[in-house]
Amino acid sequence: MPERRDDDGQAMVSLLGFLVLAITVASVVAAFLAGIAHRQERRGVADLAALAGAEAMRVAQPRLFEPAVLDGGVPNPRHLERAAYLELARDAAAATARENGARGADVAFPDATALAPTRIAVAVGGARAVAEVAPTTLPSAGGDLAGEYRGPFATRQGQRMRPDVALAFDRVAAAARRDGVALIINSAFRSNAEQAALFAAHPDPKWVARPGESLHRLGTELDLGPESAYAWLAAHAPRFGFKQRYDWEPWHYGFTRAAGSRSVGYGPGDGRSGVPDFVPARWAPTISRAAQRWNVGAALLAAQLFQESHFNPFATSSAGAQGIAQFMPGTAKDYNLPDPFDGDAAILAQAHLMHDLLARFGSVPLALAAYNAGANAVAACGCIPPIPETTAYVSAILGLLGGAGDTMGTVTGLKVRLIA
């Protein structure tokens with residue numbers, strides 16, 4: 001009997017030990033899960049605060065480029081200094097954090113030295129989120145950020161196109177008639193919706209671009225005929241500003257000059273494109289000359305130089321880019337630039353390169369992306385490549401242009417997104 005009582009006692013002790021262990025494990029697991037939930041909650045608050053701050057930047061960004069003083073010396077109430085711009089974003093982020101239960105939030109701007117900062121970082125507890133102002137349509141969604149042309153249209157042969165394209169077509173058609181060739185417009189502007197229907201019927205991206213990727217949405221593209229005119233077009237259309245877009249489509253020509261339209265980055269035909277006020281006096285005449293020589297908008301060149309080097313002719317990068325326009329050695333050689341640290345020569349080469357990229361892609365955002373990431377990367381997807389440096393580069397320059405970077409005159413849309 002005593003032996004059985006000992007066994008019962010030992011069993012009871014073992015059971016109590018097991019219960020204590022189970023309760024301890026349950027407490028640890030509960031604490032662990034509570035910690036995870038708390039961290040997730042803090043991360044959610046940081047995400048919301050960063051997005052709120054970036055949204056404030058998106059809305060306020062155009063005010064950075066408003067003139068400080070109106071005609072007659074009257075202060076412009078719309079103008080916003082960079083410090084005030086950042087304070088708006090900081091206040092929005094902090095207020096959102098408080099509204100979601102955070103006692104405090106640390107707000108910083110990773111690109112605070114830029115003329116138009118686009119990134120905001122918010123830390124709540126141990127959680128940190130980073131948001132940025134980015135192009136509306138990102139590469140993962142297809143297409144580029146240019147959208148579609150929504151300005152006034154002119155009509156030729158029942159087809160809609162931009163007015164400047166219509167005038168250029170009149171000139172090339174007149175020249176063709178003098179040579180006994182009658183040009184026919186088979187297609188011109190197509191909206192994204194029209195392109196979607198066309199692609200659904202013919203889903204071959206070699207012959208029919210996906211919605212959001214077709215250049216026809218820009219109002220600059222013409223499908224011309226008849227087939228007997230192809231040889232004449234190949235020989236003469238470039239004189240009138242038309243470029244055959246694809247080797248396998250002898251009928252597809254795009255208008256690339258857009259003289260007088262800053263919307264595609266080209267300067268006025270008389271060469272008197274304006275140099276922004278933020279350009280140092282040392283470089284203003286050079287930028288103006290380069291803009292005139294290559295018919296590229298001075299504002300575009302200036303914004304790009306600011307982003308590339310802050311106008312430092314001796315700048316270098318860890319990737320090997322050199323000079324005020326940050327030329328890589330191979331590209332410098334291609335554009336006959338023996339010394340990238342020669343600021344005047346580099347700006348002229350920059351304008352030459354941008355002229356070529358604008359002519360190839362017909363879009364300021366895509367040309368800028370090609371300058372940063374390489375033309376092959378842009379051509380491969382017909383979009384801004386999903387490279388963080390490149391999307392930030394394009395966004396910053398479009399911000400400096402104050403909306404002038406959209407493809408054909410409508411304001412380029414920007415949106416906010418989390419990047420970390």
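Reply: A contact, or touch, is taken here as heavy atoms within 4.5 Å. Leu 368, leaving aside residues up to four places away in sequence, touches Leu 300, Gln 304, Met 354, Tyr 393, Val 394, Ile 397 and Leu 398. The model is predicted, so local features need pLDDT of at least 70 and side-chain atom pairs count only at pLDDT 80 or more, while totals for chains, interfaces and linings use all residues. Residues are numbered from 1 along each chain as its sequence is written, and side-chain values use heavy atoms, with hydrogens and water left out.

Leu 368 belongs to the largest nonpolar core, which has 44 residues. Such a core is a set of buried Ala, Val, Leu, Ile, Met, Phe, Trp, Tyr and Cys residues joined through side-chain atoms within 4.5 Å. Buried means under 20% relative accessible area, exposed over 50%, and partly exposed in between, with a 1.4 Å probe and protein chains only. Ile 287, Met 354, Leu 357 and Leu 368 touch the most other members of the core. At least two residues of this core come from each of α6 (284-294), α7 (298-309), α9 (343-361), α10 (364-373), α11 (375-381) and α12 (388-400). Helix α9 supplies the largest share, nine residues. Helices (H or I, at least four residues) and strands (E, at least two) are DSSP runs numbered from the N terminus. Another core, of 24 residues, lies apart from this one; Ala 154, Ala 166, Leu 183 and Phe 240 are among its members.

His 310 follows α7 and has a positive phi, near 55 degrees.

Aromatic contacts come next. Rings of Phe, Tyr and Trp (its six-membered ring) pair if their centres lie within 6.5 Å; planes under 30 degrees apart count as stacked, over 60 as edge-to-face and the rest as tilted. Five aromatic pairs are counted by this rule. In one of them, Phe 306 and Phe 311 are edge-to-face, at 6.2 Å centre to centre and 65 degrees between the planes. Phe 306 is buried at a relative accessible area of 11%, and Phe 311 is buried at 7%. Phe 327 and Tyr 371 have ring centres 6.3 Å apart and planes at 70 degrees, so this pair is edge-to-face. Because Phe 327 lies in the loop between α7 and α8 (329-334) and Tyr 371 in helix α10, the pair ties together parts that are 44 residues apart in sequence. Both Phe 327 and Tyr 371 are buried.

A word on confidence is in order. pLDDT is the predictor's confidence in each residue, from 0 to 100. The protein chain averages 77, and 73% of the residues score at least 70. Over residues 403-413 the pLDDT is below 50, although this stretch has 40 contacts in the model beyond near neighbours in sequence. Where pLDDT is low, the predicted coordinates should not be read in detail.
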